[in-house]
Amino acid sequence: QVQLVESGGGLVQPGGSLRLSCTASGFTLSYYVIGWFRQAPGKEREGVSYIDRSRRTYYDDSVKGRFTISRDNANNTVYLQMNSLKPEDTAVYYCARTDLRMTTILSSWGQGTQVTVSS
């Protein structure tokens, strides 16, 4: 059964950091494009970052320079290191198999992990 489970969210002050994890079961993450998405209250879900089979990465302009995506093949996990967090980063974060335009979702959505940036 193909499943992705997100974890690592929490409450952090502006300027703080969090590391999100996306752990897969039922398939090998490194064979696919894995993306991080987020959905803020009242807004549509948006693509934040992805990593492809060759470890090439993409970042939305809103997080470029602050977020870093990486992959640990041994643990079948993709991480999203988030630094210099801003209140506008507050959202539920999801990971999914996707394409290079982050418009096609190729796995089911998990429960996500809540990130709240607030003082």
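Let me start with the disulfide: the torsion about the S-S bond of Cys22 and Cys95 is about 80°, so this disulfide is right-handed. A disulfide here means a pair of cysteine sulfur atoms within 2.5 Å. The sulfur atoms of Cys22 and Cys95 are 2.1 Å apart, and the count by this rule comes to one disulfide. Cys22 sits in strand E3 and Cys95 in strand E9, so the pair ties together parts that are 73 residues apart in sequence. Both Cys22 and Cys95 are buried. Buried means under 20% relative accessible area, exposed means over 50%, and partly exposed is in between, with a 1.4 Å probe and protein chains only.

Some notes on the source. This is a predicted model, in which local features need pLDDT of at least 70 and side-chain atom pairs count only at pLDDT 80 or more, while totals for chains, interfaces and linings use all residues. Residues are numbered from 1 along each chain as its sequence is written, and side-chain values use heavy atoms, with hydrogens and water left out.

Now the chain as a whole. What does its secondary structure come to? There are zero helices and ten strands. Both kinds of element are DSSP runs numbered from the N terminus: helices are H or I with at least four residues, strands are E with at least two. The radius of gyration is 13 Å, close to the 14 Å that the globule rule gives for 119 residues, so the chain is as compact as a globular protein of that length. That radius is taken over C-alpha atoms, and the globule rule is 2.2 Å times the number of residues to the power 0.38. The C-alpha atoms fill a box of roughly 40 × 25 × 25 Å along the principal axes. Of the 119 residues, 45% are buried. A contact means heavy atoms within 4.5 Å. Among contacts between residues at least 6 apart in sequence, 55% join residues at least 24 apart.

Next, the sheets. Two strands pair if DSSP finds at least two bridges between them. Ile69 stands opposite Leu80 in E8.

The other open sheet has six strands, in the order E2-E10-E9-E4-E5-E6, and its pairing is mixed. Here E2 (10-12) and E6 are at the edges, each with a single partner strand, so one side of each is left without a neighbour in the sheet. Neighbouring strands are turned by 25° against each other on average, direction ignored. E2 and E10 run parallel, joined by three bridges, and Val12 has Val117 in E10 as its bridge partner.

E4 and E5 pair in the antiparallel sense over five bridges. Which residue in E5 is the bridge partner of Trp36? The partner is Ser49, and Ser49 also stands opposite Tyr59 in E6. The hairpin of E4 and E5 has six residues between the strands, and Gly42 there takes a positive phi near 75°. E5 and E6 form a hairpin with five residues between them, where Arg55 in the turn has a positive phi of about 65°. Arg55 counts as partly exposed, at 41% relative accessibility. Leaving aside residues up to four places away in sequence, Arg55 touches Arg71 and Asn73.

Last, the nonpolar cores. Such a core is a set of buried Ala, Val, Leu, Ile, Met, Phe, Trp, Tyr and Cys residues joined through side-chain atoms within 4.5 Å. The largest has 26 residues, and those with the most contacts inside it are Trp36, Phe67, Val78, Leu80, Met82 and Tyr93. E3 gives the most to this core, with four residues. Apart from it lies another core of five residues, among them Val33, Phe37, Ala96 and Met102.

Terms used: Axes fitted to C-alpha atoms, helices over the stretch in contact; angles between N-to-C directions.
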